[in-house]
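Biologist: Before we discuss any of the labels, could you show me the model, so that we can go through the reasoning behind them step by step?
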Amino acid sequence: MESLEELSEEEALKETKTSSSLPRKLTVKEILATKTQNYFAQTKKTKKTLMQVAFTIGLGSIWRFPYLCHRNGGGNFILMYFFMLLLFGIPLLYMEMIMGHWLRMDNIRVWKQLVPWLGGIGYASILVCILISLYNSIIITWSISYLGNSFDNSLPWNQCPLVKTINVTDLSCLQTVSHQYFWYHTTLSASGHIEEGVESLVVHLTLGIFAAWCLLFLTMITGLKTPMPMLIFTVFLPYILLFCFLIRGLFLEGATASLRHMVTTEFSSWASLDLWRQAGGHVLYSLGLGMGITISFSSYKVGEDNYIQVASLVALVNLVTSLLATSIIFIVLGFWTSTSGHSCVEKSILKLKNLIKRGMLPQDAKPPEDMLYLTTLDYLDWISKLPQYLQYQVIHFSPSCSIKMQKEKNSISTFRRYPKLLSVLICLGGFLGSLVFTSHAGSYIMSLFDDYLIPLTLVIIVTFQNVALACIYGARRVREEIFSDLGRLLWSFFIVLWCYVTLPGLLALTTIYVMQLYQMVPPYYIAWNSSMSQEVKQPYLQSTLGWVTFLSILTLLPIPVHPLYHWWYLQDHIASDPLEKLQPKKMPSVPPKPLQWPKHHLGKSQEKNSESSSKQLSLLLGRGLNLNLPPWQCSLPLSRSSQSSSWLSLPVITSLTSSFSRRSVSLPISRQVSPASVAVDNSELHTETKEEKQDENSVQ
């Protein structure tokens with residue numbers, strides 16, 4: 001009977017096991033709920049990717065890339081940018097994406113968790129974003145100005161402006177393109193150099209920049225949300241417009257020669273350090289590296305993403321947008337060049353003869369018959385000898401081309417209660433800070449920010465990020481902990497790039513920026529000479545470059561100030577500890593025992609049993625320094641056991657990092673799954689306090 005009962009029990013167990021192993025048939029509601037959940041998850045992932053793509057389609061791709069490409073000889077800059085995009089842009093973009101996805105934190109808290117004494121990196125990124133917002137606002141103001149003037153029946157930049165008094169200097173409009181004349185004289189009211197006209201503001205630019213910040217303020221207080229159709233429309237609308245401009249431009253004169261010039265490459269120009277500097281700086285600027293925006297985007301949990309594909313997609317879209325905008329700009333410049341000089345004179349004479357034939361101009365305005373055989377300067381001399389009323393009419397009816405031959409350059413808490421108050425302060429401060437760009441020298445100051453200040457600070461910030469992740473925290477350690485937390489193994493090729501390619505390249509790029517800024521021959525900028533009616537090169541004064549140094553140090557100041565502040569705060573907190581007053585005066589004080597590094601090895605059979613200890617080790621190492629890896633051996637495998645270190649034996653650094661580690665244990669932790677935010681088991685802390693009490697009793 002017992003055997004039969006045992007057999008029956010075994011059969012019952014087998015039946016239950018087989019029945020439990022069989023998949024349960026889902027109901028219709030469960031299937032619909034699963035499909036709905038998957039649909040919304042995929043929609044959120046698509047929306048996040050579109051937002052990252054939309055962020056790259058901005059001034060960096062449509063305005064800054066064509067400007068740098070034309071300044072550095074077309075194909076030379078394109079090839080250099082593509083080379084640095086592969087070796088620097090995509091690996092660093094992937095690094096920021098995976099950091100935000102792994103730690104689920106914003107840009108400030110990420111570096112505080114990984115390397116606390118480099119927690120000021122996040123604050124420096126905020127200051128860089130503020131500077132970028134200031135000079136981007138003037139670019140938006142220029143766009144608003146052109147948008148307002150575009151509603152006129154006759155576009156003001158198509159012809160030379162009407163003037164009250166005619167003199168010889170007014171012929172400057174004929175020496176250049178009317179678009180350029182309108183840009184420097186009407187829109188900017190530009191001064192001759194950067195030191196002139198800073199004390200006075202241009203009224204219409206001041207009003208425009210005020211309107212731009214008011215628009216931003218309304219957006220902040222209303223909290224406008226972008227629905228999916230609107231996001232798709234804003235992403236694809238620029239491409240529709242760019243393709244329309246490209247198709248129209250292909251029918252202009254000189255389009256083929258312009259595109260050929262754009263892709264022409266001279267490898268001898270690769271020896272220019274300025275080309276490397278501008279290409280490397282634009283890679284960081286265009287992808288938003290060092291600004292903290294990519295980390296914040298990736299910190300939102302919307303499902304698992306293949307960030308290698310996302311980073312490659314964002315970089316590809318950025319490159320395609322930049323090349324498309326650059327092609328349009330080069331086509332327009334080629335048309336401008338092909339219609340300048342003698343062609344412009346011929347076109348002007350033809351138009352004057354037609355106007356005389358139609359009776360709109362008197363016979364005295366007819367140019368000599370042999371004018372086409374003379375030089376373009378003779379045509380200007382003939383106009384200057386006309387009576388003033390005829391000069392007025394001839395200049396007004398002249399076509400929008402340049403009499404002079406144009407040559408393209410091929411040169412190498414309260415805020416929680418009142419949230420709207422924060423928006424008011426941000427927009428008001430931004431408006432006041434942007435007023436310097438509305439002065440007569442504002443465009444030159446904007447060029448100084450865009451060419452030297454912002455790229456230099458971005459390169460230094462990204463260098464600190466790379467050092468913190470690859471050398472101090474350890475690239476191999478990041479790879480192991482991401483695999484243990486997310487179940488995803490990083491591609492080892494990126495580990496090699498972070499340690500041996502991007503880090504030395506960023507250090508070299510920083511050196512080039514400093515050398516270019518403080519070389520014997522000062523750098524130059526493009527200014528407008530009103531007497532010659534052309535752009536000229538003006539060297540920066542040492543006082544102007546001193547402002548770049550001051551603002552760079554001010555922007556990067558949070559990086560060294562952050563550890564000093566926490567060290568000072570910790571010392572003050574320890575000195576004012578109320579427990580010290582309760583101790584007897586004659587009792588000698590016993591220093592607390594430092595936390596011991598737990599010694600656990602993670603084998604495959606012990607992963608479940610040692611999970612809490614490994615998380616505790618991750619917390620302690622995450623809040624201190626990586627004592628296992630010397631800075632020159634970034635990619636060596638990390639041992640989980642504690643080892644002595646000789647290169648960090650200084651007492652100041654050791655006490656600083658140990659103080660951070662002890663202080664960080666008592667901080668509240670918000671994340672549940674991360675190497676730096678898992679709650680620490682307090683059992684060992686209780687045992688240490690008991691041991692300390694025993695030591696005190698023994699001393700007594």
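Modeller: Helices here are DSSP runs of H or I with at least four residues, numbered from the N terminus. In this predicted model, Ile240 is found in helix α10, which covers residues 228-249.

Biologist: What makes Ile240 part of a nonpolar patch on the surface?

Modeller: Patch residues need over 30% relative accessible area and no salt bridge, and nonpolar side chains are joined within 5 Å. Ile240 is in such a patch with Met230, Ile232, Phe233, Phe236, Leu237, Leu241 and Phe245, with about 750 Å² of accessible area together.

Biologist: Why are α4 and α12 called oblique to each other?

Modeller: Helix α4 (residues 75-103) and helix α12 (residues 273-287) pack at an angle of about 45°. Angles under 35 degrees count as roughly parallel and 65 to 115 as roughly perpendicular, and α4 and α12 are therefore oblique. Their crossing is right-handed.

Biologist: How do you know that α10 and α14 meet?

Modeller: Contact means heavy atoms within 4.5 Å, and on that basis Tyr239, Leu242, Phe243, Phe245, Leu246 and Gly249 in α10 meet residues of α14, including Val317 and Ile331. The axes of α10 and α14 are 9 Å apart, and the crossing is left-handed.

Key. Residues numbered from 1 in each chain as written. Predicted model: local features only at pLDDT ≥ 70, side-chain atom pairs only at ≥ 80, totals over all residues. Heavy atoms only, no water. Patch = residues over 30% accessible without salt bridge, like charges linked within 9 Å, V, L, I, M, F, W, Y side chains within 5 Å. Areas by Shrake-Rupley, 256 points an atom, 1.4 Å probe, with all protein chains shown as cover. Salt bridge = Lys/Arg side-chain N within 4 Å of Asp/Glu carboxyl O. Helix = DSSP H or I, 4+ residues; strand = E, 2+ residues; numbered from the N terminus. Axes fitted to C-alpha atoms, helices over the stretch in contact; angles between N-to-C directions. Parallel < 35°, antiparallel > 145°, perpendicular 65-115°, else oblique. Left-handed = near helix turned anticlockwise from the far one by under 90°.
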